[in-house]
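Please keep the sequence and the 3D view at hand while reading.

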There are 2 protein chains.
Amino acid sequence: MRRMSPERRREQLIEVALEIYGRVPPEQVTVDDVTGAADVSRALFYRYFRGMDELHVAALSTIVAEMVDRISLPAGESVADQLRSAVEAFFGVVERHAEAYVALLRSGSVISTDQTDAIVDGVRDHIVTLLRERGGITDPSPLMAMTLRGWVALVEGASLTWLQEQKVPRDELVAWLCDQLAAMLAMTSHHDGSELVLE
Amino acid sequence: MRRMSPERRREQLIEVALEIYGRVPPEQVTVDDVTGAADVSRALFYRYFRGMDELHVAALSTIVAEMVDRISLPAGESVADQLRSAVEAFFGVVERHAEAYVALLRSGSVISTDQTDAIVDGVRDHIVTLLRERGGITDPSPLMAMTLRGWVALVEGASLTWLQEQKVPRDELVAWLCDQLAAMLAMTSHHDGSELVLE
């Protein structure tokens, strides 16, 4: 058992958990699994986390922080290019943390709780805010707001299906999602005249 | 306390609960609220339900049965007309049971459980199946399957926002949702050649 700063030790336990999630369904991972893989005592584990529930939340927060970081759209390119980069980055994070991502989003999952739901809602809101900012929409119409949230739900559902079924190449899925956003925005513009142009 | 058949009595308790949900947030409704409004004893209540959790599930099942019944698309008209009728019927049920509907679908809701999640998932699957049947799609492509599920998520999110914000007339929302499905299907067809024509 190597000496580490408390902060680094906490990070290590989260990293170990994320690594185990890749092999074992998260809801089946025990404190012993984590302490065994990290080569630390149970007493040390409980200095950082009250139990697996708290570690699950910390692991999700880590994935979310990585996702938010990666999808923050780079400036300078066209909005359409920024969108594609962001969706690609999103799928990169989803793929890297596939098992934890599925377990946390799956409705009725043992490790999905009020707290993880709130974190996931935060990511949804963040993506909608990014789309509005980059698209120059300060005051979206009600239908425009529904369109953006609906597209985020489409991305989320598609990413879960994609991970579970592996039937569509990632590049094709990314292109399809970007085009779907354009199609949905165009239809909403047709209905109420609001615009968010992805060019 | 009138005499009733056990079946009718159970229905009565569910009806009373749905009526109370219109005034009191479902998670705050107590057994006493229900027995008081139904003019029955607590002992009688517990002959039908183990507690409020079980009554919530029964109430949701009642709403779902009503919804499935109403949205079963009538034959004879064009597919586009059938779709519009079904979406209108969906919103009729949503509006009539607004408070229970919001409480049951809201992520992290006290009365949303694994059991209610499974019931809600069943409705989503039912709507996708209806769309496939009426659109003549026996073996949807992966993107087509994602499109149909994504549109159902759009309808669900839009209905929750619509109930909570009341900013869009119901007819406008129904027309917008039907047109969004057409736009999403056209874009998917453009990507993989699959077709579901709503005419």
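## Loops, helix packing and contacts

In chain A, Gln166(A) sits in the loop between α8 (142-165) and α9 (170-192), where helices (H or I, at least four residues) and strands (E, at least two) are DSSP runs numbered from the N terminus. Although Gln166(A) is not a glycine, its phi is positive, at about 55°.

Gln166(B) counts as exposed, with 10 C-beta neighbours inside 10 Å.

This is a predicted model, in which local features need pLDDT of at least 70 and side-chain atom pairs count only at pLDDT 80 or more, whereas totals for chains, interfaces and linings use all residues. Residues are numbered from 1 along each chain as its sequence is written, while chains are lettered from A and ligands numbered from 1 in the order in which they are written.

Turning to chain A as a whole, there are 9 helices and 0 strands, and the elements run α-α-α-α-α-α-α-α-α from the N terminus on. The C-alpha trace of chain A spans about 60 × 35 × 30 Å along its principal axes, and 34% of the 199 residues of chain A count as buried. Among contacts in chain A between residues at least 6 apart in sequence, 62% join residues at least 24 apart, a contact being a pair of residues whose C-beta atoms, placed from the backbone, lie within 7 Å.

Chain A is divided into domain 1 (6-53) and domain 2 (60-192), with bounds that come from an automatic or database domain assignment. The C-alpha centres of domain 1 and domain 2 of chain A lie 29 Å apart, and 8 residues of domain 1 are in contact with 9 residues of domain 2. On the side of domain 1 of chain A that touches domain 2 of chain A, helix α1 (residues 6-21) of chain A gives the most, with 3 residues. By class, that side of domain 1 has 5 nonpolar, 1 polar and 2 charged residues, where Ala, Val, Leu, Ile, Met, Phe, Trp, Tyr, Cys and Pro count as nonpolar, Asp, Glu, Lys and Arg as charged, and the others, Gly among them, as polar.

Two packed helices are described by the angle between their axes and the distance between the axes. The axes are lines fitted to C-alpha atoms, for helices over the stretch in contact, and the angles run from 0 to 180 degrees between N-to-C directions.

| Helix pair | Angle | Axis distance |
|---|---|---|
| α1 (residues 6-21) and α4 (residues 52-71) of chain B | about 85° | 10 Å |
| α5 (residues 79-96) of chain B and α9(B) | about 135° | 10 Å |

Leu13(B), Ile14(B), Ala17(B) and Leu18(B) of α1(B) make the contact with Leu55(B), Ala58(B), Ala59(B) and Thr62(B) of α4(B). This contact of α1(B) with α4(B) has 7 nonpolar, 1 polar and no charged residues.

In the other pair, Leu83(B), Arg84(B), Val87(B), Glu88(B) and Phe91(B) in α5(B) meet Arg170(B), Val174(B), Leu177(B), Cys178(B) and Leu181(B) in α9(B). The residues of the contact of α5(B) with α9(B) divide into 7 nonpolar, no polar and 3 charged.

Helix α4 of chain B also contains Glu54(B), which is partly exposed, with 13 other C-beta atoms within 10 Å. The C-alpha atoms of Glu54(B) and Gln115(B) are separated by 9.7 Å, and these residues are 61 apart along the chain.

Between the chains, the contact takes 27 residues from chain B and 27 residues from chain A. On the side of chain B that touches chain A, α7 (114-135), α8 and α9 of chain B each supply at least two residues, and α8(B) gives the most, with 11 residues. By class, this side of chain B has 13 nonpolar, 7 polar and 7 charged residues.

Methods
Contact = placed C-beta atoms within 7 Å. Buried ≥ 20, exposed ≤ 12 C-beta atoms within 10 Å, placed from the backbone.
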